[in-house]
Amino acid sequence: CQCTRNPGPGSGSSLIPLFLCITSGEIVVNEVNFVRKCIGAEKSHDDLWGKLICTNFKVSFVTHEALAQPRFQVSNRLLGEHDIPLACVDQVVTVNDAKGKKKVLGSNQKLKFNPSELILYCKDFRIVRFSFDEAGPEGAKKVCLAIAHYSRPADPQLLFGFELIGTRYLEDGLNGARPAGGSQTPLFACSSDWDREIKRTGAAEWRVCSVNQGYGVSPSLPEFFVVPASLADQDLRQYAEAFSGQRLPVWCWNHPNGSALTRMAAITDPLQQKRLDQRICNAIIKSHPQRGDVHKADLDKNLPSIQQVNNSLVRLRHICVIDPFEETEEKWLSSVENSQWLDYVRTFLKHSCDVVYILEGLNASVILQEEEGRDLSCVVSSLVQIMVDPHFRSLSGFQSLVQKEWVMAGHRFLDRCNHLKKSDKEESPLFLLFLDCVWQLMNQYPSAFEFTETYLALLSDSMWVPVFSTFLFNGPKHHDFLEDKKITLGEGEELCLPPVWDWSQQLSITDQALFNNPIYVGKAAPYAHNGAVKSFRRTKTGWSSTLRGTPPALARNGLQGSQGTLPRRNSLAAQLKSDLFPVRDVPESPSERFARDWFSGPADPQGLLLPQLLPSHLALWRLYFLRWVPEAVIPRGGPVTAVHAVSQLAHEIETLQSQLRRYKGPTPGSTPRASPAGGPPGTPHAEPSRMFFKAGSLYEPSPPPEFLSSSFPFTPVGNLCRPNLRGTPISKLLNGAKTWLSTETLAGETA
């Protein structure tokens with residue numbers, strides 16, 4: 001940390017220390033003192049006074065007075081509570097109240113007036129406002145220009161991550177946090193990772209191909225990828241020129257029945273279209289043990305474009321955090337609906353379900369085809385694997401899925417995140433859309449996922465911390481950046497930016513427990529029987545149907561089933577009376593019939609999962625989209641209160657299991673564990689808990705603490721408030737409304 005001392009905003013007599021945490025390679029560019037960070041819409045005694053600092057990494061606000069740290073405070077090792085990464089800044093707006101002027105600042109622009117306010121619109125839905133009432137006008141102008149300039153780098157090498165290359169991370173990691181070296185997440189940068197995935201999925205007729213070593217065939221494909229065993233390397237080199245970006249067809253995953261999920265870019269040479277299509281399809285058919293058919297899914301025709309997805313998020317951002325809340329509930333809810341964000345979530349989930357039907361129901365392979373094969377196919381391919389393969393619903397499996405289907409598949413993170421602010425046309429929140437789709441599945445099947453929505457939100461936030469190789473590039477090829485920067489590394493060293501999966505760079509082990517779902521049902525859930533800790537699998541007959549919801553045949557018509565099946569939580573359609581919406585005979589497609597048959601039985605959290613897709617079943621992801629809105633916070637409320645109670649119960653179970661193991665002693669042939677305090681091996685000691693919330697004492701669960709809120713572990717304090725009215729639609733939504741739907745949508749739901 002760098003420590004400076006500055007006087008407070010009143011008299012200059014008292015000196016109060018300011019502390020600014022500096023990361024390796026970070027330098028202070030500009031700063032201004034006596035700045036007021038606005039807490040309310042109007043001037044308030046709760047506003048914070050301090051110093052506004054711009055570095056080459058972040059915008060930092062350091063308070064003049066030490067603030068009481070809440071007990072729950074989750075500390076990010078790279079960012080303070082009031083820090084904003086420059087890559088997260090979307091717009092820099094300066095205001096002069098006296099002259100009534102406002103200007104959106106870009107890089108290398110001039111500011112002709114002295115700003116009285118600075119408003120930062122952030123990509124993670126934060127809006128932060130600073131007032132320069134007491135600050136020097138020239139200092140305020142300089143820091144505003146610095147933020148505008150450094151938040152819009154002209155070249156990838158100006159992103160802060162490249163300041164770390166060849167410096168401290170190679171020795172001690174970021175901020176001295178030594179690289180874990182084993183996030184247990186395969187990076188799929190070597191052939192052995194692909195070999196293990198082939199063996200795990202039983203894809204016997206597929207092989208690892210090294211034809212792209214040195215990126216000689218395609219710069220956006222990994223050096224190693226998987227192709228049908230019947231395709232020779234020389235044929236692949238010949239075919240590559242006919243595909244967009246030389247992106248050859250590649251394997252994604254194999255179903256246990258032998259069906260394969262693959263992706264392919266468009267064939268740009270019309271003269272070779274038919275021949276190559278037939279050659280690729282024949283190779284995939286040969287790779288199927290039953291010689292199953294191949295179905296091609298044209299994603300560009302069936303899914304919204306990347307521009308449509310981006311426009312939808314822009315509209316949703318205005319509704320959630322920019323536009324003032326309206327007096328009538330109908331307008332706010334209709335506005336959320338009209339943003340089309342949830343429509344697009346439903347569309348991608350529905351298309352993924354159709355692909356699942358082909359793989360599982362028809363026992364046929366699928367080719368996901370789009371122009372470049374590195375945008376829409378990333379979303380669909382990942383969702384399909386999550387629905388079918390429970391391995392990808394574990395924490396390590398999910399991280400390997402993102403690494404395999406997004407990073408190594410060449411998704412344009414640099415362009416889609418618009419880190420360089422070059423072209424809004426290239427920007428698109430496809431990865432956030434994917435995470436929202438995953439959250440919808442988690443919301444419907446909460447025990448099927450090892451990780452939590454907090455993990456998903458923090459993963460999304462990490463896109464705007466430009467130090468992780470995961471989200472910094474347009475593909476797996478990084479060597480050109482190193483060559484252009486002309487950095488000389490030591491012998492045996494190479495470009496080594498940390499992947500985001502090394503969470504020790506951001507969070508302590510204690511805080512990483514926030515990732516663990518206390519009700520996760522894994523492959524072998526532990527339980528105690530007659531003093532022995534055993535494992536068991538949940539069977540379909542023993543699994544509660546309450547996680548399933550109403551079968552689609554009934555829910556489609558908004559009716560409550562007569563067989564006593566409990567509706568999915570938050571479902572309003574299942575409560576509507578039959579005379580409101582008469583039953584309509586709607587012809588079923590084969591995939592709908594497949595889904596109906598699946599919904600007729602109980603769900604297995606370690607088996608196939610299909611989402612319910614009625615609008616009333618899809619919810620707004622409140623923790624992500626509303627976490628920074630102070631008016632939307634529910635003190636000691638929200639889903640986290642249930643997580644708090646269940647976590648305490650899980651902690652008690654862990655404690656009892658640990659005591660049972662210590663009571664029984666080590667099993668024959670096992671090596672006794674050494675005591676952490678240096679005692680003899682086998683000394684009883686408490687094992688670390690996976691739970692963030694722990695029970696104070698056995699059988700005495702504590703009530704939700706005061707610091708819990710619906711935004712936990714995020715805090716909206718210091719984010720811009722807007723004029724608020726009691727009984728506004730968002731307050732009604734958060735305090736008991738069952739759905740975000742408008743009545744027009746409910747009336748048309750039977751269609």
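This tour walks through a predicted model, one selection at a time.

**The whole chain**

Start with everything shown as cartoon. The protein has 21 helices and 18 strands. Of its 751 residues, 54% count as buried. Now think about contacts between residues with a separation of 6 or more: 73% of them join residues 24 or more positions apart.

**Stop 1: the eight-stranded sheet**

Select the open sheet of eight strands. Read across it in the order β6-β5-β4-β3-β10-β9-β7-β8; the pairing is antiparallel. Which strands sit at the edges? They are β6 (84-85) and β8 (101-105), and each pairs on one side only.

**Stop 2: β3 and its two neighbours**

Colour β3, residues 28-37. On one side, two bridges join β3 to β10 (residues 127-131), and the two strands run antiparallel. Pick Arg 36: its bridge partner in β10 is Ser 131.

Next, look at β3 with β4. Here seven bridges join the strands, again antiparallel. Pick Val 35 and find its bridge partner in β4, Gly 50.

**Stop 3: β4 and on to β5**

Stay on β4. Is this strand mostly covered or mostly open? Mostly covered: seven of its eight residues are buried. Follow the chain onward. A hairpin joins β4 to β5 through two residues. The two strands pair in the antiparallel sense over five bridges.

**Stop 4**

Move to β14, residues 260-265. Six of its six residues are buried. In a regular strand the side chains alternate between the two faces of the sheet. Ala 260, Thr 262 and Met 264 point one way. Leu 261, Arg 263 and Ala 265 point the other way, and all are buried.

Four bridges join β13 to β14, which run antiparallel. Trp 253 stands opposite Leu 261 in β14. The two strands form a hairpin with five residues between them. Select Gly 258 in that turn: its phi is positive, about 100°.

How do β14 and β16 run? They run parallel, joined by five bridges.

**Stop 5: Thr 201**

Centre on Thr 201, which lies in helix α2 (residues 191-201). Why does Thr 201 count as buried? Its relative accessibility is 11%, and the cut-off for buried is under 20%.

Leaving aside residues up to four places away in sequence, Thr 201 touches Trp 251, Trp 253 and Asn 254. Trp 253 is the residue that stands opposite Leu 261 in β14.

Run a distance from Thr 201 to Asp 389, C-alpha to C-alpha. They are 9.4 Å apart in space and 188 residues apart in sequence.

**Stop 6: α9 against α12**

Select α9 (residues 376-388) and α12 (residues 430-444). Two packed helices are described by the angle between their axes and the distance between the axes. For α9 and α12 the angle is about 20°, with the axes 10 Å apart. That makes α9 roughly parallel to α12. Their crossing is right-handed.

Show the contact residues. From α9 come Leu 376, Val 379, Ser 382, Leu 383, Ile 386 and Met 387. They meet Leu 430, Phe 434, Cys 437, Val 438 and Leu 441 in α12. By class, the residues of this contact are ten nonpolar, one polar and no charged.

**Stop 7: α9 against α10**

The angle is about 150°, with the axes 10 Å apart. The two helices are therefore roughly antiparallel to each other. This crossing is right-handed.

On α9, select Cys 378, Val 379, Ser 381, Ser 382, Gln 385 and Ile 386. On α10, their partners are Phe 398, Leu 401, Lys 404, Glu 405 and Trp 406. What classes make up this contact? There are six nonpolar, three polar and two charged residues.

Notes: Residues are numbered from 1 along each chain as its sequence is written. This is a predicted model: local features need pLDDT of at least 70, side-chain atom pairs count only at pLDDT 80 or more; totals for chains, interfaces and linings use all residues. Side-chain values use heavy atoms; hydrogens and water are left out. Axes are lines fitted to C-alpha atoms, for helices over the stretch in contact, and angles run from 0 to 180 degrees between N-to-C directions. Angles under 35 degrees count as roughly parallel, over 145 as roughly antiparallel, 65 to 115 as roughly perpendicular and the rest as oblique. A crossing is left-handed if the near helix is turned anticlockwise from the far one by less than a right angle, and right-handed if clockwise. Contact means heavy atoms within 4.5 Å. Ala, Val, Leu, Ile, Met, Phe, Trp, Tyr, Cys and Pro count as nonpolar, Asp, Glu, Lys and Arg as charged, and the others, Gly among them, as polar. Two strands pair if DSSP finds at least two bridges between them. Buried means under 20% relative accessible area, exposed over 50%, partly exposed in between (1.4 Å probe, protein chains only).
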